[in-house]
Each structure stands twice: as C-alpha cells, then as structure tokens.
Amino acid sequence: MPVIALLRPLARAIDWLPVVVAAALALLLAVVVSPGADLEPGHGLLLLRMAGVLLGAAAAFALVDGMEASTGAVPVPRWVRQWARTLMAGAAVAVAWAATYTVVALRVPPGSPSLSGAAVEAALCVLAGLAGAAPAVRRNHARPAGLAGAAVLFVLYGATQMADAWPVPDTAEWDAVHAWWLAALPLPLLVLAAAHRDVR
Amino acid sequence: MTGSLVLFEARRLLRSPVLWGAAALALAMAVAGSSAWLPDMTMVTIGSVTASTIVGAAVLISANLAAGRDRRHGLPETLGALPGRAVTRTRAVVLAAPVVGALIAAVMIAAHLGYVWVTGPVAGRIDVYEALGGVALAALAAGLGAALARWTPWLVVPPLLICLLAFAVAVNPRGEYAGGFLPLVLEHSLGWGPRPSREHLAYLVALGVVLAAGALLRHGLRPVRAVVLLTALAVAVPAGMAATASARSGTKLPAQVCRAYEGVSYCVYPEYVAWIPVWGRALHPVLSAVPERARARIPVVRQRVASPGAMLETDEPVTWTVWSTDPTLHQALLVGQVAGAVTGLTGCGTGRAQAMVALWLVGRAGPLLDAPPPQAWRPHGPDLPVSMKEVPMGADGSLVVPGQLHGAQYGDAEVGYARRLLERPDAVERVRAHWDTLTAPGTTIKQALPLLGLREEFPVKEEPCP
C-alpha cells in the first residue's frame, strides 16, 4: 500500500515539537495543579478545555510542509499527503488529550460529575486548529502558516464565549450545547477537504 | 537607522488586519459581556480590560513574527550584506510594537467604555489606572513577543504561552495565588475594597520594560541594557508585591445615601444612586396597584453586597451591587420582596389571602411562575428544584430563593387564584377597596374570594406550614 509506505517518511518530515511541547504542558498541568489535594472539578474542566486549545494550536504546525515545492513533483497526490499529516497529528493529540483526561478524571473527587462531554469540545478545537492552518499552508509553505491554526482557535474561543457555548456539567445546557458542538464537527472537515486538494 | 526601522515596523503593525480584527473581536466580546448587566463602570472597566487581552494576544504573536522575521525566508543571507545588525531590528520592534499595541488596546477600551457610558445609567466609576492596565498589558505583550522571538526558535511558543497565561488567570479569578503578579485579576466586588490598580499598572509597565530589555540582551550584555533591566525589575517586583498586599487588605464599605422614589426610600452606596430610578420603575406595577397608605408598610429598600443566604435573614427589601437586565433575575427578587412587605406577608402564606394578593402583585410586574414543589421550601437543601432561577451576584456567588415571595411559602391554589385575579379588569379597584381585610394575617383565601369576585376553583390547604 503506497499510503502505508508514506507514513514513515511523513512521520519523520512532520515537525512534532509543537505537539510534544503542548502535550507535555497539558499533562504537566493536570498533574501539578493543586498538588497534594483533589482537583476541583471546575479546574479540571478548565484544564481539559485549555488542553484542547493547546493541542489544536500545536497540531496545526504538523500540516506545514517545508518541502512542498519539491514534493509537488512526487507521484503521491497532495491531498493524500496532507490527509496523512492530518490523521497522524490528530491521532497524536487525541492520545495526549485522552492522557490528560485520564489524569484529571483520577484527580477530581469521587462522585464529581463526568467531564467526558468535554471530549467533543476538544475534538472541535483540534479540527478547527487544523482547518485554520490548512488554507494558510496551501498558500504559504513557511512555518508561520501554522500559526493560522492558533489564530482561528482564539477567534473561535472569543466568539463562542459570547454565545455561552462553554457550559458546566450537570446543567441542562451541558448536553444541549454539546449537541451543537457535535453538529459543528463536519464544518472543519469540509474546510480541510477543500484546503487539502491538489494544487494543480 | 533605528528611527526609520521603528517607523517601518509601526506602520506595518498599524496596517495589520490581525491587530484591528482582534480589536473588533475584543470590542464585540466586551459589549456582549456588559450588555447583560446595568453598567457599573468599575466592573465595566475590568470587563473591558479582560476583553482587551485578545488584542494583547494578537500583539504578542505579531511582535513575535516581526522580531523573528529576519530569521525566516532566507533573510539571514540577504541581511548579512546590509550595514544594520540584528540588534537594530530588535530595537525597532521593541520600540514600535508596544506603542502600536498600546494604541490599539486604548482605542478598543475607550470605545467600549464610551459606548457603555452613553447607554447608561451608569453606577461606579471608571478606574483610569485599571483601564491603563489594559493598555500596558498590550505593550507588555509586545515586549514578550519580541523576547520570545529572540530567545526561542519555535513559533509555537507564543500561542502556548497565551493559553498558559489565560489558564493561570481563569483558574485564579480572584488572584488568590500570585495576586498582583498575574496579568489581570478577573473578579471584583465592592466588598473587597478598591483594586490596587495603580500598583498593578506600575508592575505591568515595569515588566514590559524588563521583557523589552530581555529581548535586547539576546544580542549581548551591555551596561545600558543590564541597568535598564535591573532597574525595571527593581520596580516590577515591589510593585507586584504591593498590588498583592493591597488586594488582601480588606475595606470598610462607604456610608449609604438615601433617596425617595415614588414614595419608597432607597438607601444605596453613593456610586449607585443612578440605579434607583431603574429599581423604582421595576416596582411601579406593584406600587401603582396598592393604596397610598399601604406604601408606608414598605421598609427602606437597602443595597447590599450579596452574600449567599443573608438575604433571607433580613426584613428589609434588598437590592444589590449587581443588577441583570434580565427581568426574571434581580428584578424578580426585588419585586417579590416588596410584594411580600407591602402585604405584610412573612414566613408562611399557604391558605392566606396575603399570599394570593402578593402573588397577584408579582404577576403584575412580571411572569407568575407555578408554585415550587413542597420539598423546595426546606431552607438551604442541596439540589432542590425551585421555581426561580439561580440569580448570579458576580464575584459574590449566586442566590437561589424558592418561589417568588422572598422565600415565603405558598402553593398551587394561591398561584391559581392570583392568575384569575390578573385576568379581572376590576382587580385593582377590588384589592384597593378591601385592602385592610385582604392583608390582615387572619384572612383566608376562602374569605377573600367573594371580595375579589372570584369563585372557588382550586383546593386550598389551610393547615399551617410545617
């Protein structure tokens, strides 16, 4: 399978440092906030949300292909390469977020409301970060294009703050708002599909 | 050479759609955040500065890109042939970016404060030092962005740092940890005393200078840079400590002033006199339906700094230092208190005409909700269903009061008859004509029905409340 054969060189080509730093920060904070005591559920939720934004901003850098001028001539089409990068970065940050969630879930007091609904927020943040960077990466092959993911995430965060889209658990809004987050997931996927198209 | 580079960077940043887009987003967030409340300029200023951190984030990233520009796109080779050195370019960024960032943040904050001031009615006061703190924060962000560009090669660091700072502020909204050393403290209450905004501004400005000098130090340790850094550090640390200490010093609340409005006395903190007409208008549907002499029953309406549970321990109607524009929140609580006070209702209203009339008065001022289930009346029970929303009190928590009559108990029958009374066009005349009988503690609903022209319709519980 050519795609499988592509994974190893792509994994080497991707700049993993942003994802590694973001994952380490998220995990470190999950461990060190309120040391020696239970983690307040509110702080845990805040941590998981911050981890989603951090990892989304970091994952965007994985789409930057500094060799795009040369790789344009290889037989594997651009959309395959960019989707492979997207999936690899997405998988890495999903593992990092899941690890952060596990630490938070173990540290909140027993009987606290479940924070698992925050997973859909994190999924949208990661996809929004990737979708924010993808069009920039298409036009600009340099590393600053990856920052577009963070910019889109900050705008998304500001806009959703105004819409009260960050509910707290055990309220009527928790499930209802997350249903909207779930419904919004295809939007960044559509942007990614459009931006990952072949250039020629 | 530095002068022309400073102008170049300043012009480039001033034309940046990212910075102006961030300002527009911050302004929209600030307006959205403040529109749900009557404007207390003390809190509006804090909200404005909080929203301006979006500008600060954009300035940080823009300054970072500007200061690191000479390391990208093959520029090192090109620039190597030119007379200007990297330190000149760094100096240009640390001089231009803070000024432009501060300017854009100032425009955003001024636009928000001006908008709120015009829409009024405003209470509190604009804390100029607090507002300047938002301006200084944007300048500081520029210094931080430049320092990061010079000391770290990774573009991911600025967004990660922004997330970390946002987390530190959000997890610490009252500044319990690190206090004055945080970029900003989100929450405030009148009961906490004045914010140490002057000390905090000094801290932010000095820290901005530390960061700018830190960016230049990447190009070598020079006496001027080292002296500037150490001097700024010598200001920043004591200023941060002073801001932390002042924030915890506590305060004595100012003496209240009393004003009459439509025959009711309101005693409020001096900066909140402008809100009295708002409260007066909220109570007008109640006061206009009762006889003139009944208004004498209403005690002084007193403004308090909210403290959960304290509201039910006083006989005086209470209003607060925060006031939502949603009429089902603070307004509904005040109307319920005054309706209870004017009818003389205390404690238990089940089966009593007083409760029916009080609920009718509440229904005249806003929506009359169904009676809460019996278990809701137990005081301070956890997770009890109540027929009133949780009423937010800003940094002072929130209040949940069962029912709509200041915690006085009633049932479905009282609500049902009050609704029937609301449907009658002659209700005001009948209530006024029989006021003394209807508001006598011993009058039951059954005795009141003929006086109000109502027929028996709902089963009334006449046994005393448990």
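Me: What share of the contacts in chain A, between residues at least 6 apart in sequence, join residues at least 24 apart?

Reply: In this predicted model, 83% of those contacts in chain A join residues at least 24 apart, where a contact requires C-beta atoms, placed from the backbone, that lie within 7 Å.

Me: What makes the radius of gyration of chain A agree with that of a compact globule?

Reply: A compact globule with 200 residues would have a radius of gyration near 16 Å, and chain A has 18 Å, which agrees. Along its principal axes, the C-alpha trace of chain A spans about 55 × 35 × 30 Å.

Me: Which elements, helices or strands, are found in chain A?

Reply: Chain A has 9 helices and 0 strands, and its pattern, read along the sequence, is α-α-α-α-α-α-α-α-α.

Me: Why are β1 and β4 of chain B said to stand at the edges of their sheet?

Reply: The open sheet of chain B holds 4 strands in the order β1-β2-β3-β4, with mixed pairing. In that sheet β1 (257-261) and β4 (318-320) of chain B each have a single partner strand, so one side of each is left without a neighbour. From one strand to the next, the twist averages 25°.

Me: How do you know that β2 and β3 of chain B pair, and in what sense?

Reply: Two strands pair if at least two bridges are found between them, and β2 (residues 264-268) and β3 (residues 301-304) of chain B have 2 bridges, in the parallel sense. Tyr266(B) stands opposite Val301(B) in β3(B).

Me: Which helix lies across β1, β2, β3 and β4 of chain B?

Reply: That helix is α10 (residues 276-287) of chain B, which runs at about 150° to β2(B).

Me: How many residues of chain B are in contact with chain A, and what kinds of residue are they?

Reply: There are 21 residues of chain B in contact with 25 residues of chain A. The elements of chain B that give two or more residues to this side are α2 (17-34), α3 (41-68) and α7 (157-170), and the largest share, 6 residues, comes from α7(B). The residues of this side divide into 19 nonpolar, 1 polar and 1 charged.

Conventions
Residues are numbered from 1 along each chain as its sequence is written. Chains are lettered from A and ligands numbered from 1 in the order in which they are written. This is a predicted model: local features need pLDDT of at least 70, side-chain atom pairs count only at pLDDT 80 or more; totals for chains, interfaces and linings use all residues. Axes are lines fitted to C-alpha atoms, for helices over the stretch in contact, and angles run from 0 to 180 degrees between N-to-C directions. Two residues are in contact if their C-beta atoms, placed from the backbone, lie within 7 Å. Ala, Val, Leu, Ile, Met, Phe, Trp, Tyr, Cys and Pro count as nonpolar, Asp, Glu, Lys and Arg as charged, and the others, Gly among them, as polar. The radius of gyration is taken over C-alpha atoms; the globule rule is 2.2 Å times the number of residues to the power 0.38.
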